[in-house]
Structure formats: structure tokens, C-alpha cells
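User: Hey, can you walk me through this one? I'd like to hop between a few spots and ask as I go.

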Amino acid sequence: MAGVRLEGVRKTFGKVVALREISLTVEDGEFFVLLGPSGCGKTTLLRCIAGLERVDRGRIFIGNREVTGLPPRRRNIAMVFQSYAVFPHMKVYDNIAFGLRMRRVPEAEVRRRVERAAGMLQLEGLLDRYPAQLSGGQRQRVAVARALVMQPEVLLMDEPLSNLDALLRLHARAELKRLHQETGMTIIYVTHDQVEAMSLGDRIAVMREGEIVQVDAPMRIYEAPATVFVGGFIGNPPMNFLQGVVEDGEGGPVFHLEGHRIPLSLAGEVSSGQQLLLGIRAEHIRVNDESHPGALPAEVLVVEPLGAQLLITARIGTQTLKLSLPPGHPVAPGQLLWLSFPAEAIRWMDARSGRAIPASAPGSS
Amino acid sequence: MKGRSWVGDVLWYAGAIALALWVLAPIYLIGLLAFSPRMAVYRWPRPLLPLELSVETMRFFVTATGTLAATWNSIVVALFTMILSLILGAPAGYALARFFFPGREAVRMGILMTRMFPMAILSIPLAVTFIRMGLYDTPWAVALVHTAMALPFVILITASVFTAIPRDLEEAAMTLGCSPLSAFLRISLPLALPGLAAAALFTFVISWNEVFAAAILTLRQRTLPALVITVLNESPLYFRFAGGFFMVAPALVILLIIRRYLFHLWGVSGR
Ligand SMILES: Nc1ncnc2c1ncn2[C@@H]1O[C@H](COP(=O)(O)OP(=O)(O)O)[C@@H](O)[C@H]1O
Ligand SMILES: [Mg+2]
């Protein structure tokens, strides 16, 4: 097993720049997720690592070995394709055995390893079938088993769950996590589903338009998004962003939001008149039914009972935001709620650049 | 509503039956007379049911001078055409299916446009060229021309066959230890085999039926259609029926086998 390192990788298709300048380090044994909207270059990045695309510029290392110019078969990787790419003219057994036979592993050893991989993925009863006789979920497991038997240094997966129905996806997701814990393999996993990314990843790289916007542990990405894009892409509901402007107050600059003043706790420089966004997650907003000092009044627009919580859409001045209440909390559209935003839960963003402004370290202000 | 769909059904079936009769009736009559006693063709009214069967007419045709030699020539020409078309056409089809290169659509169009040159205009220069090369009046000359005629079809059929095989499969094989060539040989080729076989049989039929080039480029080494067409006018009627049936039978059998794959061809060229 080994880590993966990318240095300044660039890839274009004609005029389309698929990858701008990607540098990245994946640790040995890590479950690393590439997350981003469709078309942002995730698949292209994975294919560059696999050797299925030739990079325009930059270098790729697996372990300490540079693999930039090597064909896929010399990289010691295995890949699970989004379409699964199970060979239709071979039985399940021969599909899983294919790579080992290419390596001229003795047939007895092939049998042992195929059976072990089939066992791990609950394919024992299906080894004699052709792929056409399998369900989508079974085909997906064949594709994973076929990659696993190779004991690759790095396992690459391109949206392996996206073609499964919702229930099966939930199950398969947990299975993949178990598989990673059992094998300790380095996995690079592509998805556009933020829930999948959060639940599987040791670390997540959020991509946008051929660039990596943020690399962090899932909770860091969730709590402290580096940009407005990340905050809006991760989490359901997405992070709230309320726009306002910096004003000079008696004790330093304050944030002026729809006629209300909120203290700023920032390490970075802000100047009077600068447009800022106050970013906050729905569940971090403190809600009161009655007015109290420092709280902002918000009118309830929509109430959506989601079982575990009530999802509220509310309005402060002209801006809407989402917040959550415990189920059964009496609330109705038109009602006023009093909101306060705990300083430690606020993520300040520059409205123009869309980038986060570092908060002052707790206790330093 | 119900009434209208009933009328529609009747019209649909009536049309289908009329079309089928249009095609099948001549084949049936040819077959019938080919297996009737010689004198049946002169009888009036003609018998329309196979009451009186006989292989006498067919035997006369098959044992006539030149028939067996011409059949052998036809088979040689068709086989050689088939092999050569596939060797040249399948890689071109693969390239059209798998690779993006500048002018790809132009190549695709150009391949079809080669079919626009009428054989009649090409035949004299071709005959002259083949005489110079010493190939005139040999099966090889005919096979070369037939290959040129069949190539557009072979390229388009194989392109559609390879397009239908996902590129992912070869890529997966490459991540599992294959070189591009071995990925092709182990994955795409076996999956393409039925389609390639169809293309091969189709080529065989094109060559087997082709008469114009074969008649011009041969004198003594006639292929079957060339022989039949040259002796037709001097032969008795029953001889013509036997010859017609002998020609049409293999083509019919082969076309029945491959009709499924013809739809692929139209699917591609219609785009
Ligand atoms: N083979 C290709 N030829 C041309 N453009 C491509 C090719 N592959 C990908 N692209 C383009 O590169 C960009 C990134 O694509 P991709 O990596 O597939 O995105 P993702 O997997 O994140 O959805 C897209 O704009 C896509 O259109
Ligand atoms: Mg993709």
C-alpha cells in the first residue's frame, strides 16, 4: 500500500480545461474523497491517477515511485468504474480472476483469492453466473471484488454507488466503509454526493471547475468551509449566508445586517463599507419565541416537518434563511422568532471573493 | 377509437402482406420452376403448387459446362473479398469508433461517397490496369474490385459494432494488467465477434451477387453471375430458372442469418 502525491497536474481537452493545477497528497491507508458538482473534473483526476489520461503538465507519484508516464498496468492501481465495466462475456468468477491471470498467478492461488474476495462481497453463490444475470447491486460488488483481488497499492472508485437505488446505496455505503476498515487500503473515491463524502471520507477534497477548493476532514469542511461555494455545497440544508456591510462602531467594526448590528470577531482585516457574508449552519442558530437583547426578529415563511426535526424557512428583512427546531415545537407561518448567532458558530466570508475570513482565535479578543 | 385501430390493423397487415408477396412471389416461382420437370415451364396454365417435383432441371444446370468451375471461382472470389475487406475494414471501423481525430466525420462521409462512382465508368480503366498488372481474367482482380465495393459497408458495420462496445471495458482491462492490444484481443474482439461475422457474411453476399465488374474483368475465369448472365440469352428457359435459383439461395440464407445486424448499419449511416 502507498500514498499518492500529485504535483501541479494540469489536463485539458482541446479548449476545455478539465484540471487547472492540482496538487494533492493522499496518505497511505486513507479513505480520500474527491467531491464536487458534475463536470468539475473528478473523473478526469481519477483517470489521470489511473493512467487512462495523459496529463499535460505536472507529476504523479504512487508511494515514492513516479508514475506520470507509466501505462495503467504498471501503476499497481485498481479501479471501479461508474458503469462497473464488468466483462459481459465472462462469468463472475472469470471477471474477478481476470487481473490475477494477467499477472500469471498460479491457478490454485487465483482460486483462493477469488473465493476470499467473493466472500468479502457476498458473491459466493453467483460465481457461475454471467453479468447479464445479475442485479445492479451485484454487478457493482463484482466490480469491487475484481479490483480488490489485485491487492493494489491504491484503489480508485468513480461514483460506484450512483447507479444503485437509494436503499441499496445506504447499505453499500456501509459495506464500503467496513471493507476499508478491514483492508486498510488507500482508497480515492469520487462522488458528487456530499452525504456519501461526509460518511465515508477520512478527508475530503472539494473540487470546482478543475480546481481543489478545500481539503479537510469532513467535520472541518462542514463547520469551517473555506468558501461560500463549499458552505453551500456541503450539508443539507446548505449553510445560510446573510449579506451585510461593515460599519465602524464604538468598540471597533460591527456587521450591519438588515438594520441590526452584530459584533465582528475577526482575525483578518476588514474595512468600513466592506460587504461581508455571515455564514451559519441551520442547527447552530439559537431560536427564542420571545424577544431578548441582541436577538434578531425573523418571520416564519415555511414549516417542514422532517421527522427528526422541523426545518423552518424564515425571513430577516429581505433575506431568507433555514433553521431547525425540535419536532413538536409550536410554530406557524407568519409567526416571529428571535434568532441569535453564537460567535463561535459564525463563518465570515468576504462577499466579493467568496472566501472565508479567519475568525479570531477563541479567548484572544 | 376501437374501430379505427381495427381498420388500422387491417391496413397494416394488408400492406405488409402485399410487400411480402412482392418480394417472395418471384423467389417462390423461381424455386418452383427450378424443381419442376423441364417441360413444366412451357405448360399453360402454369402450375402454382409444387405438385410435380423433379431435380432434373437443377441437375442439368449444375452439370452444364462451366457451372462448377464458375461456382468455385465465385466462392474463391467471395472468400477472398471477405477476408480482405475485414482485414482492411475492421481496423478502420475500430478507429472510427474509438479515436477522435481531426476530420473524422469527413472520413466517414468520404467512405460513403466512394459508393457514388458508377462501376460503368470505372470498369474500362480498371480492366486496362488489371491487364497491365497481369491480373486480368483472374479471381483476384474480381476480388479486389469487390473488396473496394464492400469496404464502405464493412467499415460502417464494424464501426457500429465497436461503438456498441463500451470503451470502459477495455480501460478496465488495462487497469487489470492488459496492454491496449491485449485489452482489444481479450475484451473487444470476443464481444465484437457476432457483429464481425455478420459483416463478413454480408460481404460474401455482396461479392456473390455482383455481376457487372465480374463480367467485365473476366473472360474464361467467370464467376457464377458472370457466367449466368453471358449464357442466359442462349439458354432454354428452364436453364435460366435453375440458374436463378442456384444464385439466390445462398444469398437468401445468409441474409436471413444477418438481418438483425443490418439495422445497426442503418442506425449509423442514418445519423
Ligand atoms: N474525453 C473528453 N473529451 C472532452 N472533454 C472531456 C473529456 N472528458 C471530460 N471532459 C470535460 O472535462 C470536464 C470534467 O469532466 P469530468 O472529469 O468527467 O467531470 P466529473 O467527473 O466531475 O463530472 C467536463 O467539462 C467534461 O466535459
Ligand atoms: Mg464523473
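User: Let's start with Asp248(A): buried or exposed?
Analyst: Asp248(A) counts as exposed because its relative accessibility is 61%. Exposed here is over 50% relative accessible area, buried is under 20%, and partly exposed is in between, with a 1.4 Å probe and protein chains only. Before we go on: this is a predicted model, where local features need pLDDT of at least 70, side-chain atom pairs count only at pLDDT 80 or more, and totals for chains, interfaces and linings use all residues. Residues are numbered from 1 along each chain as its sequence is written, chains are lettered from A and ligands numbered from 1 in the order in which they are written, and side-chain values use heavy atoms, with hydrogens and water left out.

User: Where does Asp248(A) sit, and what does it touch?
Analyst: Asp248(A) is in strand 11 of chain A, residues 240–249. Strands are DSSP runs of E with at least two residues, helices are runs of H or I with at least four, and both are numbered from the N terminus. Leaving out residues up to four places away in sequence, Asp248(A) touches Pro253(A) and Ser272(A); a contact means heavy atoms within 4.5 Å.

User: OK, zoom out. How many helices and strands are there in chain A?
Analyst: Chain A has eight helices and 20 strands. Its C-alpha trace spans about 80 × 45 × 40 Å along the principal axes. Of the 365 residues in chain A, 51% are buried.

User: What about Glu209(A), which residues does it touch?
Analyst: Glu209(A) touches Arg20(A) and Cys40(A), again not counting residues up to four places away in sequence. Glu209(A) lies in the loop between strand 9 (203–208) and strand 10 (211–216) of chain A. With a relative accessible area of 53%, Glu209(A) is exposed.

User: Switching to ligand 1. Which residues are around it?
Analyst: Among them are Phe13(A), Val16(A), Pro37(A), Cys40(A), Gly41(A), Lys42(A), Thr43(A) and Thr44(A). A residue makes that list if one of its heavy atoms lies within 4 Å of the ligand.

User: And which polar atoms lie by the oxygens of ligand 1?
Analyst: A polar side-chain atom of Thr44(A) is 2.5 Å from an oxygen atom of ligand 1. For Lys42(A), an N or O atom in the side chain is 2.9 Å from a ligand oxygen. Gly41(A) comes in through a polar backbone atom, at 3.1 Å from an oxygen atom of ligand 1.

User: Now the chain B and chain A contact. How many residues does each give?
Analyst: Chain B gives 17 residues and chain A gives 19 residues. Between them they bury about 1600 Å², with 73% of it on carbon and sulfur atoms. Buried area is the accessible area (1.4 Å probe) that two parts lose on being put together, summed over both. On the chain B side, Glu171(B), Thr175(B) and Leu176(B) lose the most area to chain A, together 40% of what that side buries.

User: How many salt bridges cross that interface?
Analyst: The rule finds one. Arg47(A) and Glu171(B) meet through their side chains at 2.8 Å, N to O. The pair runs from helix 1 of chain A (residues 42–50) to helix 7 of chain B, and both residues are buried. The rule is a side-chain nitrogen of Lys or Arg within 4 Å of a carboxyl oxygen of Asp or Glu.

User: What salt bridges are there inside chain A?
Analyst: One of them joins Glu153(A) and Arg65(A), with the closest N and O atoms 3.9 Å apart. Glu153(A) is in the loop between helix 4 (136–148) and strand 7 (154–158) of chain A and Arg65(A) is in strand 5 (residues 65–66), so the pair ties together parts 88 residues apart in sequence. Glu153(A) is buried at 19% relative accessible area, while Arg65(A) is partly exposed at 35%. Another joins Glu115(A) and Arg111(A) at 2.9 Å, N to O. Those two are four residues apart in helix 3 (residues 107–120) of chain A, so about one helical turn separates them.

User: Last one: Thr81(B), buried or exposed?
Analyst: Thr81(B) counts as buried because its relative accessibility is 0%. Thr81(B) is in helix 3 of chain B, residues 67–98.

Definitions and conventions:
A polar contact is a pair of N or O atoms within 3.5 Å; within protein, one must be able to donate a hydrogen and the other to accept it, and residues adjacent in sequence count only if both atoms are side-chain atoms.
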